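Please brief me on this protein model. Cover the packing, the charged pairs and the helix contacts.

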Amino acid sequence: MKIVMKVMLFNFVVLFLPISSSEFVRVTIRGESSIGKTDDNFICATLDWWPPEKCDYNQCPWGNAGILNLDIKNKIFVNAITAFNPLRIRLGGSLEDLVVYDVGNAVKECPKFRLQKNGLFGFSNGCLSQTRWDELNYLFNQTRALVTFSLNALYGKIASREDKLWIGEWNPENARQLMEYTLEKGYKIDSYELGNELCGSGVAARVNSVQYGRDIIVLKNLLRELYPIASTRPKVLGPAGFYDEKWFSTFLETTGPGIVDGVTHHIYNLGAGVDPGVINRIQDPVYLDKVAHTYRNVSRIVKKYSPKAGAWVGEAGGAYNSGGKNVQDRFVDGFWYLDQLGMASSLDHKVYCRQALIGGFYGLLNTTTFVPNPDYYGSALLWHRLMGKEVLAASHDGSPKLRAYSHCSKNKPGITLLLINFSNSTFFHVVISVYPFQKLSERRSQREEYHLTAKNGYIQSDEVLLNGTPLQLTNSSDIPLMEPILVDSYSPVCVAPDSVRFSGFGQDKNEGSSSSKDLTIPVQKTITFKDRKKDQNWFRRQFSKQMNQDNDSNDIDRATAVAAAAYAISSLKDLGLPYQREQPETSKISSKGKKESTLSIQEPGRASKSFSGKGTMKSSENPDSMVPATAATHTKKPEKTLLPAPSFRKTGSTLEMELSGSSKVGRTASKTEVAAKPLHDKQPSHRYDTGTSTSKSDLPTTVKPPPQPKRQSSTGPGMRKAQADAWEEAEMARVQERYDKQMATILDWEQKRKEKAKRHAVKSEGKLEEKRAKALKKYRTEMEYIDQVAGGARAKAEEKKRKDQLKVKEKADTIRRTGALPKTCFCF
């Protein structure tokens, strides 16, 4: 009975365990220009006014995290802000339109917030004292924070009988007193914002769009008066609410250009914090895509009415009413947060303010202990340090569960790629292509990797691991160092399920990580199962299909295969990867039962999902497991020398004569082609013995391209011609080199396939005489097919070479006319 129960339990566990799979993806980064530009300090966090009495759903998660009660001298809190150097902080929130400022003799009383049934959000008016303002500014000066202060926009207005509408003009006097005191004390404020969530239908109150536009103009004029020097004048932000196209349009039409410096809007796209479905929405890319239209519309309307202003996310907390408990303060929230950062920056937003730095369930810091939550490390701080302000287009045609965002690296040349894996079962092996790639390929040697995972793989963990190491405060309450590991730039990026990876590449050899140790990532196995095994080599499937059909019905399919072959061969150059590398001995790939290497042809619509030969090789220990072949550095010799193919029983047969003649012709053509065309630096070391051998003297040498011509300061006609000639010569050499590599690849594939077909034909001949004719026919069919594919690929390569040379000549003519060399990657 016990044995039966154990078996049943085992079957139950296996049944519900997620089955891991693998997908190969090619991410393309367009590096020739940016698609957007963020502020230098894109990451922003808020401090809110909520008192301890703020409760939602019978939970009161704010404690003393509000602006008036927060322990701003706490060492962890100070260090957390200082680590950004600087952090942009917004002081604002729902109760800001109830706050008065007790500076000088501005107000008679300075009340504290208290519960009030008929008050906005259920609270009475509150007050910011002069002492507290001094303490806050000491903190900001100490941590070098950039401060946005949100002003009370209802000061001087009265509530009308119409639902939630407040009427009248804004009274700027209390704001003037605060600004004058701030100037007198020498406090620096980066920007002032007016009101909170008063636009559109409002939340607890609303203001007419035309009146709000007039109020913003009053604020702008006040700042012009107090700060006559434009370079030191704080920016003006608004309206700080949820996007309503008609309201926003009217507001911006009222202000006109040059008044608003940042158009702020709020995002809470995950629903109510109490909703148990929040955690599912966080990892649903289809759901997360829905908010993109809001980002797009805000950017569009800002460009239309106020082109010099930028779109800002003034407040974003994911789930409203203080956030989702045990969700937004855990590792899983990083999927939503990082995706929002990538989406907003790609759609031309300048700043993204997270609600909140501390407080509620969505705080970056724990409300009571101040210890950083996972989003502080993995999302906010890493983004701030790695992602520069220039946004690049990044795309792939793989699963929507993989997100890719790319920026120029921050404060150094290079590119940083952010990859987010929403899947809980799929490993993504990513090969990166960057255009234009010439400069990048010259610079890259190693790549910086920051791999973020949850502790023990539990996505609701409150701990985050960086490259396998927990991120925790030091004994002195300092933020820990967040060092990358260094890997070979040419190796694919492996993104594990439920993880995030930042990859920085393209730096000069003497730049990059501050780490003194060169660490490497070991070859990672892809977990698969036999019952889920899929043949990812599209070309091999097509070839098998061709062989199983009648010869007369193959014309259309073969034409398609020829085009696919040519496309795949040209793609080898785009990948910037050699055709084939040997497996290292450490990967333990046995030579027993080794198969002929084939040229991987990518299936249309699945081009980035599988890279046969380069992406993976199958292990003989487990034929279903796959390991990346990109990190191979050693050559493994065959354990046995293959015996010559068996001869036919009858001498002088037609098949035997054809095989002999084909072999001789193939060898002659091979030597002729090899002598004329340079091959790869790395040739496959395992060659099957077919009765011929190649000596070292027959091996080709790789022609190195001439050095890149240096820019000349003179732009005279003589200098321009010399400059253009040198550039043209170098580019022609590159075109020829790419062509030579393609032709070598084609020749290598052609030889191997013919050798394989030959051996297959010999083995297929059985003892019966009638099989001889069938084997001969199949052999001839294979030869015709191989010649057709190889011929089509050669024609494609020739055509590409001709077009590349034509482009080089056209650019050289442009250089001769203008004296300006063409641009390379935007990030260098």
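Leaving aside its neighbours within four places in sequence, which residues is glycine 262 in contact with? They are Val236, Leu237, Gly238, Ala309, Gly310 and Trp312. The model is a predicted one.

**Glycine 262**

- Glycine 262 lies in strand E13, which spans residues 262-267.
- Its relative accessibility is 0%, so glycine 262 counts as buried.
- Histidine 349 is 87 residues away from glycine 262 along the chain. The C-alpha atoms of the two are separated by 9.7 Å.

**Salt bridges**

- The count comes to 43 salt bridges.
- Glutamate 390 pairs with lysine 37 in a salt bridge, with 3.9 Å between the closest N and O atoms. Glutamate 390 sits in strand E18 (residues 387-395) and lysine 37 in strand E2 (residues 36-37), so this pair ties together parts that are 353 residues apart in sequence.
- Glutamate 390 is buried, at a relative accessible area of 16%.
- Aspartate 39 forms a salt bridge with arginine 88, and their closest N and O atoms are 2.9 Å apart. This pair also links distant parts of the chain: aspartate 39 is in the loop between E2 and strand E3 (43-47), arginine 88 is in strand E4 (residues 88-91), and the two are 49 residues apart.
- Aspartate 39 counts as partly exposed, at 24% relative accessibility. Arginine 88 counts as buried, at 2%.
- Arginine 90 and glutamate 315 meet through their side chains in a salt bridge, at 2.7 Å from N to O. Arginine 90 belongs to strand E4 and glutamate 315 to strand E15 (residues 310-316), so the link joins distant parts of the chain, 225 residues apart.
- A network of salt bridges links Lys721, Asp725, Glu728, Asp813 and Arg816.

**Helices H4 and H5**

- Helix H4 (residues 173-185) packs with helix H5 (residues 209-226) at an angle of about 30 degrees, and their axes are 11 Å apart. That angle makes H4 roughly parallel to H5.
- The crossing of H4 past H5 is right-handed.
- H4 makes the contact with Arg176, Met179, Glu180 and Leu183. H5 contributes Leu219, Leu222, Leu223, Glu225 and Leu226.
- The residues of this contact divide into six nonpolar, no polar and three charged.

**Helices H2 and H3**

- Helix H2 (residues 75-82) and helix H3 (residues 130-143) pack at about 50 degrees, with 9 Å between their axes. That angle makes H2 oblique to H3.
- H2 passes H3 in a right-handed crossing.
- Phe77, Val78, Ile81 and Thr82 make the contact on the H2 side. Leu139, Gln142 and Thr143 make it on the H3 side.
- Here the residues divide into four nonpolar, three polar and no charged.

Methods. Residues numbered from 1 in each chain as written. Predicted model: local features only at pLDDT ≥ 70, side-chain atom pairs only at ≥ 80, totals over all residues. Heavy atoms only, no water. Salt bridge = Lys/Arg side-chain N within 4 Å of Asp/Glu carboxyl O. Helix = DSSP H or I, 4+ residues; strand = E, 2+ residues; numbered from the N terminus. Buried < 20%, exposed > 50% of the residue type's maximum accessible area, 1.4 Å probe, protein only. Axes fitted to C-alpha atoms, helices over the stretch in contact; angles between N-to-C directions. Parallel < 35°, antiparallel > 145°, perpendicular 65-115°, else oblique. Left-handed = near helix turned anticlockwise from the far one by under 90°. Contact = heavy atoms within 4.5 Å. Nonpolar A, V, L, I, M, F, W, Y, C, P; charged D, E, K, R; others polar.
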